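Here are my notes on the two-chain model. Please read them with the structure open.

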Amino acid sequence: MHLAYPAVLAALLFCVGLYGVLARRNVILVLMSVELMLNAVNLNLVAFDVWLRDALHAGQALTLFVIAIAAAEIGIGLAIVLLVYRNRGSSDIDRLRDLRESEGPQGGSGGGSSDEASVTPATDNGPGPGPDPAGRQHA
Amino acid sequence: MNLAAGHPGFLSPTGVEIVFVLVGLATLGAALVTVTTKRLVHAALWLVAALGGVAVEYLLLTAEFIAWVQVLIYVGSVVVLLLFGLMLTKAPIVPPITRDDPSYAEVRAQATADADSGNRWIALAVALAAAATLVTVVVDAFRSTWIDLDESVAGSAKVTGVALFRHWVLPFEALSVLLLAALVGAIVLSKRRKGGER
């Protein structure tokens, strides 16, 4: 088999995942796109391992490691996403902007609170005045 | 084509290559639908198709063990985790609606706003530029290289197991520690606070 087939397929899959990471708004969709990118890399690893006839099978061993690390990453990532959703009532990446730099002369410690689109933070110790009370009821 | 003089033809129509290209097209299509669909649960289900297609590609590359690991871990557990995440974060569900419905445009705009962020066109430009660059470089670099799939199976369970437990034992064990750390971390993150509101 021509080596260009798996290599081109991996490159295109990676770019599809890149588009998903950049264009999606929901965090879980971004995680799905990251999975696509990891799969593209795995496909490259396997193809080059088979091509080189590596005696140590480094490519396939690394592929197994990447799969296991991807599973760990998705578990931790989803735990973080659920925590953010419980505290903020939203999992939209565009609305999680409390850490951005304040802009303009009026910017002080308030930061994101001046922006009506941002989600008001709620601390862990007390119920915060979230703008989206319906989203917090389930927690 | 002169480069390929001493090799099999550039598009030698062997069965494996044809199947590889067809499955690759299906995989690519499923991946495209995954990153463009407005319905979040559909995205997860199309991701199953994409990952399953990659598993078939592994099989065609004679990496059998990797293929079944891919099916078990990605299709079996990662997608299920993602579906759980979609449900637990109350992902917006687009109601089933036909094109004739008067509220179609409104529902479609809402679904687009829920799924895609505002910088979609910039993302498309970046992805297209990256794809053009990568494909150009890769095709140019591997124009005259062929994978010999006829000799032996490169990735049967025996071969992979021998390589893994003879040469890669230490990384393997370190990986088990990492998995344990991830397990503990996920439990700690999702545990409800004792004194707090939850």
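**Notes on the predicted model**

1. Chain B has seven helices and zero strands. Its pattern along the sequence is α-α-α-α-α-α-α. Keep in mind that this is a predicted model. Of the 198 residues in chain B, 34% are buried. The chain exposes about 11500 Å², and carbon and sulfur atoms supply 71% of that area. Take the contacts in chain B between residues at least 6 apart in sequence: 63% of them join residues at least 24 apart.

2. Chain A has four helices and zero strands. Along the sequence the pattern reads α-α-α-α. Buried residues account for 53% of the 139 residues in chain A. Its accessible surface is about 5800 Å², with 61% belonging to carbon and sulfur atoms. Among its contacts with a separation of 6 or more, 50% are between residues 24 or more positions apart.

3. Which residues have the most contacts inside the largest nonpolar core? They are A:Met32, A:Leu36, B:Leu61 and B:Leu82, in a core of 65 residues. Both chains contribute. From chain A, H1, H2 (27-52) and H3 (58-88) each supply at least two residues. H2(A) gives the most, with eleven residues.

4. Now the pairing of H2(A) with H3(B). Their axes come within 11 Å and cross at roughly 170 degrees. The two helices are therefore roughly antiparallel. H2(A) brings A:Ile28, A:Leu31, A:Met32, A:Glu35, A:Leu38, A:Asn39, A:Asn42 and A:Val46 to the contact. H3(B) brings B:Ile66, B:Gln70, B:Tyr74, B:Val78, B:Leu82, B:Gly85 and B:Leu86. By class, the residues of this contact are ten nonpolar, four polar and one charged.

5. On the chain A side, the contact residues are A:Tyr5, A:Pro6, A:Leu9, A:Leu12, A:Leu13, A:Val16, A:Tyr19 and A:Gly20. They meet B:Glu17, B:Phe20, B:Val21, B:Gly24, B:Thr27, B:Leu28, B:Ala31, B:Leu32, B:Val35 and B:Thr36. The contact has 13 nonpolar, four polar and one charged residues.

6. Is A:Ser33 buried or exposed? A:Ser33 lies in helix H2 of chain A. Its relative accessible area is 1%, so A:Ser33 counts as buried. Beyond its neighbours within four places in sequence, A:Ser33 is in contact with A:Gly17, A:Gly20, A:Val21 and B:Val35. A:Gly20 and B:Val35 also take part in the contact of H1(A) with H1(B). The C-alpha atoms of A:Ser33 and A:Leu18 are separated by 7.0 Å, and these two residues are 15 apart along the chain.

Methods: Residues are numbered from 1 along each chain as its sequence is written. Chains are lettered from A and ligands numbered from 1 in the order in which they are written. This is a predicted model: local features need pLDDT of at least 70, side-chain atom pairs count only at pLDDT 80 or more; totals for chains, interfaces and linings use all residues. Side-chain values use heavy atoms; hydrogens and water are left out. Contact means heavy atoms within 4.5 Å. Ala, Val, Leu, Ile, Met, Phe, Trp, Tyr, Cys and Pro count as nonpolar, Asp, Glu, Lys and Arg as charged, and the others, Gly among them, as polar. A nonpolar core is a set of buried Ala, Val, Leu, Ile, Met, Phe, Trp, Tyr and Cys residues joined through side-chain atoms within 4.5 Å. Buried means under 20% relative accessible area, exposed over 50%, partly exposed in between (1.4 Å probe, protein chains only). Accessible areas come from the Shrake-Rupley method with a 1.4 Å probe; for residues, only the protein chains shown count as cover. Axes are lines fitted to C-alpha atoms, for helices over the stretch in contact, and angles run from 0 to 180 degrees between N-to-C directions. Angles under 35 degrees count as roughly parallel, over 145 as roughly antiparallel, 65 to 115 as roughly perpendicular and the rest as oblique.
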